[in-house]
Amino acid sequence: MFEARNEKSYGYNTVTGKILHVDGDRKYSTKANLYYIKAGLNAIVKNIPEKTQPFIIQDLIKIYKPDMLVITGHDRMLKKDEDFYNIYNYKNSLNFVKTVERARELVPSLDELVIFAGACQSFFEALIESGANFASSPGRILIDFMDPIIVAEKIVTTPETRYVTIHDIVPEIREGRIGIGGTRGRGKKKIYFRSYS
């Protein structure tokens, strides 16, 4: 006599996190969007001038509900090699700082919304203090166009049970620690398990 058994097999689906990328340069916005599409990532790219970003970011977050926010554009030091800690010595760092602050008013948790902010020669310390998880540019150098995208991709493709630290990111960044700095961000890839009878 045989006993009937109810056997189940298990599988899972994965869903990567959603990126909202706001960039002040139309050309780079287009390039970023093409990369995200090619990589199969769930990303919305908006070309918005740096000075406008602080005033529109909350509306964009409410509409798109991103897991990862990227705030980029153009920046530079106005007086090179001096006044490193004067926010007014940067072309757009203050705009980026205000944008991060406005985003954090809406989503205070650094785990819930991971933020990358900054561009070439940006005021790194001010961006981190305003609430960014990762930012440019600790060495006040020119960064590569792909650097913010690399950070975003790493975050949204890492399981939500893990954190991505700056140590995980630095090896993939052209200029390493002088280009990109920060702390950590929770991964945003969700795993849904399912069973089959």
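Predicted model: local features only at pLDDT ≥ 70, side-chain atom pairs only at ≥ 80, totals over all residues.
**Entry 1: two helices**

I started with who touches whom: Ala32, Tyr35, Tyr36 and Ala39 in α1 meet Ile149, Ala152 and Glu153 in α5.

Next I looked up the geometry. Two packed helices are described by the angle between their axes and the distance between the axes. Here α1 covers residues 26-39 and α5 residues 147-156. Their axes lie 11 Å apart, at an angle of about 30°. Which hand does the crossing of α1 and α5 have? I find it right-handed.

I then went through the backbone. Most residues other than glycine have a negative phi, and most peptide bonds are trans.

Where is the cis peptide bond? I have it running from Ser136 to Ser137, with omega near -5°. Ser137 is in the loop that links β6 (134-135) to α5.

That β6 to α5 loop also holds Arg140. Its phi is positive, near 55°, and Arg140 is not a glycine. Buried or exposed, I asked of Arg140? I put Arg140 down as buried, because its relative accessible area is 7% and the cut-off is under 20%.

Last stop was Gln121, in the loop between β5 (114-117) and α4 (124-129). Gln121 is another non-glycine with a positive phi, about 65°. With a relative accessible area of 12%, I noted Gln121 as buried too.

Note on methods
Residues numbered from 1 in each chain as written. Heavy atoms only, no water. Axes fitted to C-alpha atoms, helices over the stretch in contact; angles between N-to-C directions. Helix = DSSP H or I, 4+ residues; strand = E, 2+ residues; numbered from the N terminus. Left-handed = near helix turned anticlockwise from the far one by under 90°. Contact = heavy atoms within 4.5 Å. Buried < 20%, exposed > 50% of the residue type's maximum accessible area, 1.4 Å probe, protein only.
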